[in-house]
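Me: I'd like to learn how to read a few features of this model with you. Could we go through them one at a time?

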Amino acid sequence: MIKPCWKTSVEGDRGRWGGRDGSRQGGDPNGRVDGLMWYKDLGYHLNGEFSMSVIQANGLLEDHSRLESGPLSSLSSGPHGTFIGVYDGHGGPEASRFVNENLFLNLKKFASEHQEISANVIKKAFLETEEEFLAIVKQQWVDKPQIASVGTCCLVGVICNGLLYVANAGDSRVVLGRAEKSVRGATAIQLSTEHNASIESVRDELRSLHPHDSQIVVLKHKVWRVKGLIQVSRSIGDAYLKKAEFNREPLLAKFRLSEPFSKPILSPEPSIFIHKLNPKDQFLIFASDGLWEHLSNQEAVDIVNNCPRSGIAKRLVKAALRVAAKKREMRYTDLKKIDRGVRRHFHDDITVVVVFLDQAVMNRNSSRSCSVSIKGGGGVPTNPVKS
């Protein structure tokens, strides 16, 4: 039988979009680009197979993502597993790109120090990455003050020792597809907690943290926003809502608050959930909110459950685009002709990573030799063809 994953990574030119993933098929070790879409049809990780896809809508791609499988620390005796990161940027690509480059490295650093993967290790990785990015904001403040208004949602999954750790700051989402005897197909189970002011419990949390601020959440054009500015309550970056020193000139007036603040308004701390994997757990769908804006949890799970694995992430992205086109009473083929930038009026950047959980592979110790590394949406293709 062919081993479920290659022993060593395939080194290659990562290009503007790429990565490497140890594909044994030799077809697309760095993923492929089709106009505004980047995709990796099928790859192999310690616990099974995976599929990735990214569609660009913004003038500059603000979604970034990464999958690492193999050692999760710098110690040879340290934990092994699979890391999935989905970073949905806003205000620009700088924060999501920085987090994509650094959060996993920080996770490995703290996993080496503690010699384990834990909720504490993951939280430390988030907070360290935040501090590093805010240091860059301070360094560039004089020449590039608008970087203080750039941030990113962060969704991380770590599969290690039969456990799934889910850490989320923002409104990206991971959904589990579970096989149930009483139900035909697979049941969708959301595993992440979201931090968006449209959710009542999030507004309540903000009000309790800022009891003397009657404007901590504001309903603006039928949308709830923190301080009338941003929908998410947790993120990495967004320095202008975390440190008062960045909420002043020369930052653009639209980001500056009229009243000074003494404590951070947004938080970088993730909500962390630990799930013990069992044989009924079939696959995980990690995606930025661009997907969930158009597909329900169950609709996404049904698509993955009923279609071939190869290219499944791309299929989910296309399903969302078809819904987006229908909402605007246009054909999908016409939507595909709209270029980046203008495309943002029809849908957001969308990132999808589907991770299959194969019990036979998870129980096989020899798979520990697998080493996989791939980045999705690592940059913007030069003069992309409309797609």
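Reply: Let's begin with contact, which means heavy atoms within 4.5 Å. Helices (H or I, at least four residues) and strands (E, at least two) are DSSP runs, numbered from the N terminus. Buried means under 20% relative accessible area, exposed over 50%, and partly exposed in between (1.4 Å probe, protein chains only). This is a predicted model, where local features need pLDDT of at least 70 and side-chain atom pairs count only at pLDDT 80 or more, while totals for chains, interfaces and linings use all residues. Residues are numbered from 1 along each chain as its sequence is written, and side-chain values use heavy atoms, with hydrogens and water left out.

Me: What covers the buried residues of α2?

Reply: The cover includes α1 (94-114), β6 (151-160), β7 (163-169), β12 (236-237) and β13 (271-276). The buried residues of α2 are Val121, Ile122, Ala125, Phe126, Thr129, Glu130, Phe133, Leu134 and Val137. For the whole protein, there are 8 helices and 16 strands, and buried residues make up 56% of the 387 residues.

Me: At what angle do α1 and α2 pack?

Reply: Axes are lines fitted to C-alpha atoms, for helices over the stretch in contact, and angles run from 0 to 180 degrees between N-to-C directions. Here α1 and α2 pack at about 135 degrees, with their axes 8 Å apart. That makes α1 oblique to α2; angles under 35 degrees count as roughly parallel, over 145 as roughly antiparallel, 65 to 115 as roughly perpendicular and the rest as oblique. Residues making the contact include Phe98 and Phe110 of α1 and Phe126 and Phe133 of α2.

Me: Which residues of α5 and α6 meet?

Reply: Ala300, Ile303 and Val304 in α5 meet Ile312, Arg315, Leu316 and Ala319 in α6. The axes of helix α5 (residues 297-306) and helix α6 (residues 312-327) come within 10 Å and cross at roughly 140 degrees. That makes α5 oblique to α6.

Me: Is Phe246 buried or exposed?

Reply: Phe246 counts as buried, because its relative accessibility is 2%. Phe246 is found in the loop between β12 and β13. Leaving aside neighbours within four places in sequence, Phe246 is in contact with Leu134, Val137, Lys138, Trp141, Ala148, Ala239, Tyr240 and Leu251. Pro250 is also found in the loop between β12 and β13.

Me: What kind of peptide bond joins Glu249 and Pro250?

Reply: As background, most residues other than glycine have a negative phi, and most peptide bonds are trans. The bond joining Glu249 and Pro250 is cis, with omega about 10 degrees.

Me: Where is Gln115 found?

Reply: Look in the loop between α1 and α2. Gln115 has a positive phi of about 60 degrees although it is not a glycine, and at 61% relative accessibility Gln115 counts as exposed. Asn161, also not a glycine, has a positive phi near 55 degrees. Its place is in the loop between β6 and β7, and Asn161 is exposed, with a relative accessible area of 70%.
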